[in-house]
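Hi everyone, thanks for coming. Please bring up the model on your screens, and we'll walk through a few parts of it together.

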Amino acid sequence: MDNSKIRVLVVDDSAFARANICKQLSEDPRIEIVDVAHNGVEALKKIPMLQPQVITLDVDMPQMDGLTALKHIMEEFPTPVVMLSSFTSEGATETIQALELGAIDFFVKHSATQPAGTGKIAESLRNKIRMASEISTAKLRRMRRASSPQPHFKRKKIQKPHAPRTRKIILIGSSTGGPQALYDILPSIPTDIPAPLLIVQHMPAGFTRSLAERLDAVCEIPVKEASEGDILTPGTAYIAPGDYHMTTDKHGRIALNQKDPECGVRPSVNVTMESMASVFGPFCICTVLTGMGNDGTRGSSLIKEAGGKVFVEHESTCIVFGMPKSIIDAGNADKVLRRSQIAQAISQECN
């Protein structure tokens, strides 16, 4: 076994899918397929023997499905996992559940048996594997201990009188590892927070609605996927739809567009920050969480120039420290906070 290569275990019940995934990954000489497994039961037997650095895990499998296998993996031998998701409503819901349970990222299939094509899409899968391989098992263990499990049922939204309306507005931006971070932070945001929350999570179309529904089920504040023309309401969180940039206007409404991606992504944190800075100026409170790349750095400069506040997540609680580090390096971070501190810091800044 070549220890210089990224050791990957491919878990999928479809022989065709396994062959296709192995072929796509093997095109990178830095990646080694150490073995394949047909279901979760077989995977759990092979993981301690093979000690893969990354696991690709299908959701829908016989004997033991991917979500059940993922729970065992995270509890018994934490390993970075990239889920393989079908592009369906059910697939999106299961994918969000997997990200809550500790999966690092996901890759969308065209169908239940065939992973998405070749070329740029195959390179995207290889990029996810390379990124996941850099996450240590020690960090996964720490993150699991620090993450507070939230109940998976709909909380009754208790209507509290809002504090006098302010012009403040909150943004939370995130990428890789973001769904789990949002799941840790948003339930601690109080219902009487006197500002709307805009959330930009890098995620493809079809998945942000499921993310919003899952968060709404465990949060005291309402959480929804943003729609064109939504009126910003204090104490409500709006998630940018996948494949759409989200902006605000001077009348306090949300606008969506499909202009060119920025930093290779749409929605982009930068685009929303730029809009907020121009409309809300010093009343902006922005927090950038875990994620790869530098989306949010240009926008954070505009927020600072307008007199707003910028918080970033501390490296110790980030799955990937790229986006927060870029903002820190640019000198734009007012506070660097561990995940457990973020909800309180946002609430204090609002009040």
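**A covered strand and its partners**

Let's start with strand β6, residues 169-174, which is mostly covered: 6 of its 6 residues are buried. Keep in mind as we go that this is a predicted model.

Which residues sit on each side of β6? On one side you find Ile 169, Leu 171 and Gly 173, and on the other Ile 170, Ile 172 and Ser 174. Every one of these residues is buried, so both faces of the strand are covered.

Now for the partners. Strand β12, residues 284-288, runs parallel to β6 and is joined to it by 5 bridges.

**Two helices side by side**

Next, a quick word on helix pairs. Two packed helices are described by the angle between their axes and the distance between the axes.

Our example is α2, residues 40-50, with α3, residues 66-76: their axes come within 9 Å and cross at roughly 20 degrees. Angles under 35 degrees count as roughly parallel, and α2 and α3 are therefore roughly parallel to each other. The crossing of α2 past α3 is right-handed. Which residues make the contact? From α2 they are Gly 40, Leu 44 and Ile 47, and from α3 they are Ala 69, His 72 and Ile 73.

**Some backbone details in the loops**

Let's finish with the loops. Gln 51 lies in the loop between α2 and β3. This residue is not a glycine, yet its phi is positive, about 50 degrees. Is Gln 51 buried or exposed? Its relative accessibility is 53%, so Gln 51 counts as exposed.

The loop between β11 and α9 holds Cys 263. Phi of Cys 263 is near 55 degrees, again a positive value in a residue other than glycine. With 42% relative accessibility, Cys 263 counts as partly exposed.

Pro 267 is also found in the loop between β11 and α9. A cis peptide bond joins Arg 266 to Pro 267, with omega at about 15 degrees.

Notes. Residues are numbered from 1 along each chain as its sequence is written. This is a predicted model: local features need pLDDT of at least 70, side-chain atom pairs count only at pLDDT 80 or more; totals for chains, interfaces and linings use all residues. Side-chain values use heavy atoms; hydrogens and water are left out. Buried means under 20% relative accessible area, exposed over 50%, partly exposed in between (1.4 Å probe, protein chains only). Helices (H or I, at least four residues) and strands (E, at least two) are DSSP runs, numbered from the N terminus. Two strands pair if DSSP finds at least two bridges between them. Axes are lines fitted to C-alpha atoms, for helices over the stretch in contact, and angles run from 0 to 180 degrees between N-to-C directions. Angles under 35 degrees count as roughly parallel, over 145 as roughly antiparallel, 65 to 115 as roughly perpendicular and the rest as oblique. A crossing is left-handed if the near helix is turned anticlockwise from the far one by less than a right angle, and right-handed if clockwise. Contact means heavy atoms within 4.5 Å.
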